[in-house]
Amino acid sequence: MDQDLGQLVQAILIASDPSSGVLHQQALEYLSNIQQNAANTWRLALTLFVERGPDGARKYPPAARFFALRVLDEFLDNRFEPLDPESFQTLQQALISYIQSEYLYGPAEANATFLRNKFSHTLTLFFLCTYLEQWPTFFADFFTLIRPPESTSQATFNPHISLLFFHIVLEISGEVADQMIKAARTYSSARQGRDTRVRDAVRERDAAAINEAVLTIVAEDVKRMSKLRKGDVTPTSKGELDQAIEVVDWGIRTFASYVGWIDINLTVTQTTVPLLFTLLSDPSLPIRLATSVALTRIVSKGLKEATDKLQLIKVLSLGQVLDALETKTRAEQAVRGSEVDEGEESYREALGRLLNVLGLELSKLVDEAPLEDVRNEALQMLNQILPVMLRFMADEYDDTCSTVFPLLQNLLGRYKRMRKTSSEPLDEQKRSFLTSLLRVILEKLKWEEDADPEDMDEEEKAEFDELRKDLRTFMDAALVIDQNLVTNALSNLALNTLNAYRNGVTVKWHDAELAVYIVFIFGEINKTGGKGRTAFCQTPIVVAREKRKETDYSEYPLTKHGEMLYALVESGISGYPHKTVTMQFFETVARYGDFFKVRKECIVPTLQAMVDNRGLHNQDSKLRSRVYYLFHRFIKEDRNEISVDLAGSLLESIRDLLSIQVELPEVEDQEHDILSEAVNNPGSFDAQLYLFETVGTLVSLFYRTPEQCGALLQSVVKPLLDELSVNLQAVKGPSDVLPILKVHHIIMALGNIAKGFPDFPSPLPEGYVLPPLDVFNQAAQAILVCLEAMNIFRVVRDATRFAFARIFATTGPNITHLIPPLMANLLAHFEPSELIDFMNFIGLLIHKLQNDMFDVLDQLIGPLSSHIDALLSQPVTGTDDQLTHVDTKRAYLNLLNNIMVAKLYDVFTSPRNKGQLEALFTNVQRFAEDLTDTSSQRSAFQFLNRSVTAWVIPVDAGSSAQAPTQGIPGFERFVYERLVPIAFSVLSSPQFNLKDGQMLVTVSKTRDQEAFEFFTTAFLPAQGWPQDAALEFASKLRELDGKTFKKYLADFVRASRPSS
């Protein structure tokens, strides 16, 4: 065995040294084999752990002994049957001998303290295997070790054995009763059953003795701790006081671990309650924290009888204790001032959690106790702790504040339920509480005065935003309970602060920000307010939509929110010298655009603030970028309220901001395409695009004077086109990144200018004033020139699609002559994923341009279908390829269906494309038969159904004066021979969709008797259908409308499938 031990130790040492090269991997494999074969190697591991050398110390190094414990764990864990007697005795004797030599008479692994926790876990696993049948005297045997012979020590209890005992009980509680540990494991019924039996056996046999031992050790060490602190005794060693504190700390933790699963009469006694309250105020922070956990678990322990629960809470008298401790710790906090003591703050958190649990338990009694006396007494006790709850909530540290949130949520939920069932006014006690609560909420909604939001990291900001979100939830609940109380409190705070600032009173920045923030959130909180303009002014009647523009809202008085917004603008707080306040102002005015439709005099000062150095011209680029968007949002919402004079002034004010700056990202990996990286991380340019869209909106307001509108647009577009030309000429190859990006950005900017104009209407109303088509045509031509020269660059192709989609939306059919060369250049070079974007782009143009797209589609559909066919015929070599294939197929089918919906299906049968029609149907037929992609399958059937509608000539068409001309003679034979069999082939598939059967209805209604005879005499009999079934099916198909037939078909398919 010595040879095996030496080899094992050597392997452990090699495995701990990664620099050992090949031997390192071999050692890891060897150790893994030892651990996996623990059933045979545990004896070797046991010897490795316990064996002592000639000097009495442990023979092997700590790393090797730690591995030995891992092997023993592997052997003992998940063992639910007793050990054989010989193995049990070997382990028991070795482990007791080890405890005696190492903990009773030795240093308790002083040189390798990490082994203590590991050993306690291993011993716990051994306990779980043997306690029920083989070692029922485990605790009794252990207790004999805790109190050694008097000659060995001056201490009554051995501290090393005591701590080991505590750790083992903690481990046992974790294994048999901790739901978090159980939830983290894979469920095992054998383990669950064993743990339950062990827990029950401990309760029956040893719970009283364990509890007595724990409390006796704790009480004795509390006395020793007190004497040592007072100097009543002389310490026998340097760390005796620290050792006593450690014993008490772990003793209380142990007590807390089992109070939830043993008899409450053992843990809550005339002795334990005073002891716990003494320790709750102990100078040692770990002891106080452990005690707060113990009390929390006692309070939350489930008891069957509500009277018992109430009696437990009364015995503890925690309300008074927590009131006193909160006052004391808050005073200490004030003395510390700006010095942060995280330990003491964690103690206040623990007290807050304890109060929270106490309140929730009382609340449960109020809601659920069957006896009225119990409910009333619990309610009285609950009301007594509410002021303490509010003081914890008002704590400057958010972690402490949030400890009472569950109790507050529960409390407000009860108040809301009471309000729903009673029309009586809120009683004075609840109203007083809500008033105090609102005061606390409003204070907690503030930033700290010394905080600097601009200098905070994103995580800190997110935490404060989350706190505000929680506080607003409580404010929402309070508003349901007493709306006037909440709205008055909010509006008074906001109006008082804003008016004070307007009158020259000094207002701190966080007070100013809070006032603006309240105006910002008021629309969300006051859910009973009106919508649109009526949210801000009190109209006597509902104004009809068509009369809103001609109604003068200025004569109507403002609502509370309207008054707050008016005061916000009039106060001049947009000029407050703090960026957070300024930004909150901009966020607020951009959010409530409808207010400016009822008080138009507020528009100019608001826009002045947005445009000058408070906003768009601010030196802070981050603030400036955000205001780009908010300015755009404001103009877009209130464009009809902006005069042409103001629009012109705004345009002149922002011209200097229209210069496009290219920002190149830092690329660490040289393999990355810097062009793509720069486009995906454009810096401030993404925000600047909003500014270009706003420019388009402002120019469009001059539509009544087309010449002036065109001149203004030209004045904005021409500098961009000049710069586009310069950068186009500067591009000589792929290495010219800056000019390529400049071309990309300018094209995007031109597209966004077009986006700012209204969409081209269809149909065109009488008197409609066209946008400056010549300028847009000029811009589109310039973009096309760039595309022709630079179509090898994907970023240019992407930007071109983006810009043209927006230009076409604005100009309608007026520049469709540019579509063919646009398509040709977009398809000259493309990546597979790009083809999807291209088809979506074509679908958008079909939607916008309708019949004006016919000639384009006529030229495009053939080459595009060939591209698609070639792409989909390529072998799939990985997940990315598979996704590209699926997405391409879906985009293609969507395009085909868009063509059919727009009634442009004649492109498929035009002289140019009719030769490819059969190939097209072959592809779609293949998609319809593919059960692995149900989304594409449905789209394929939609196309086939629309094809039947479009091209199958009704049987009575020949005699009709309104016979369709688009039908294809003989197409019904193709439907019978090719399409109907496809529809029936998917009827039995689990993925079958009722819409897939719509094609059968369409062909039946179209061909009537011919279709009926086809189904009854040819197709269905050929499929093996009985004559009666074929006749019934064909009759239903002919007689029922589409909706009724779908229901019949669903029932038919279900009945036809074999039952599972």
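Trainee: How far apart are the end C-alpha atoms of helix α3, and what should its 13 residues span?
Mentor: At 1.5 Å a residue, the 13 residues of helix α3 (residues 38-50) should span 18 Å, and the end C-alpha atoms are 17 Å apart, which agrees. The expected span is 1.5 Å times one less than the number of residues. Helices here are DSSP runs (H or I, at least four residues), numbered from the N terminus.

Trainee: Before going on, what sort of model is this?
Mentor: It is a predicted model, where local features need pLDDT of at least 70, side-chain atom pairs count only at pLDDT 80 or more, and totals for chains, interfaces and linings use all residues. Residues are numbered from 1 along each chain as its sequence is written, and side-chain values use heavy atoms, with hydrogens and water left out.

Trainee: Back to α3. Where does it bend?
Mentor: At Leu44, by about 30°. That is the angle between axes fitted to the seven residues ending there and the seven starting there.

Trainee: And how many of the residues of α3 are buried?
Mentor: 10 of the 13 are buried, so α3 is largely enclosed by the rest of the structure. Among them are Trp42, Leu44, Leu46 and Phe49. Buried means under 20% relative accessible area, exposed over 50%, and partly exposed in between (1.4 Å probe, protein chains only).

Trainee: Next, the core. Which residues have the most contacts inside the largest nonpolar core?
Mentor: Phe165, Met393 and Phe908, in a core of 352 residues. Helix α25 (residues 509-525) gives the largest share of this core, 12 residues. A nonpolar core is a set of buried Ala, Val, Leu, Ile, Met, Phe, Trp, Tyr and Cys residues joined through side-chain atoms within 4.5 Å.

Trainee: What does Met393 touch?
Mentor: Leaving out residues up to four places away in sequence, its contacts include Cys401, Phe405, Leu437, Lys444 and Phe474. Contact means heavy atoms within 4.5 Å.

Trainee: Gln925: buried or exposed?
Mentor: Gln925 is buried, at a relative accessible area of 14%. It sits in helix α41 (residues 917-929) and touches Arg978 and Ile982, again not counting residues up to four places away in sequence.

Trainee: Changing topic, how many salt bridges does the structure hold?
Mentor: It holds 62. A salt bridge is a side-chain nitrogen of Lys or Arg within 4 Å of a carboxyl oxygen of Asp or Glu. Glu345 and Arg336 form one, at 2.9 Å from N to O, and Glu345 is buried at 6% relative accessible area.

Trainee: What does Lys446 form a salt bridge with?
Mentor: With Asp511, the closest N and O atoms being 2.6 Å apart. Lys446 lies in the loop between α22 (428-444) and α23 (458-481) and Asp511 in helix α25, so the pair ties together parts that are 65 residues apart in sequence. Lys446 counts as buried, at 17% relative accessibility.

Trainee: And Asp612, which residue does it form a salt bridge with?
Mentor: Arg614, with the closest N and O atoms 2.7 Å apart. Asp612 is partly exposed at 26% relative accessibility, and Arg614 is partly exposed at 24%.

Trainee: Last one. Where is Asp178 found?
Mentor: In the loop between α8 (159-177) and α9 (179-184). Asp178 is partly exposed, with a relative accessible area of 28%.

Note on methods: Helix = DSSP H or I, 4+ residues; strand = E, 2+ residues; numbered from the N terminus.
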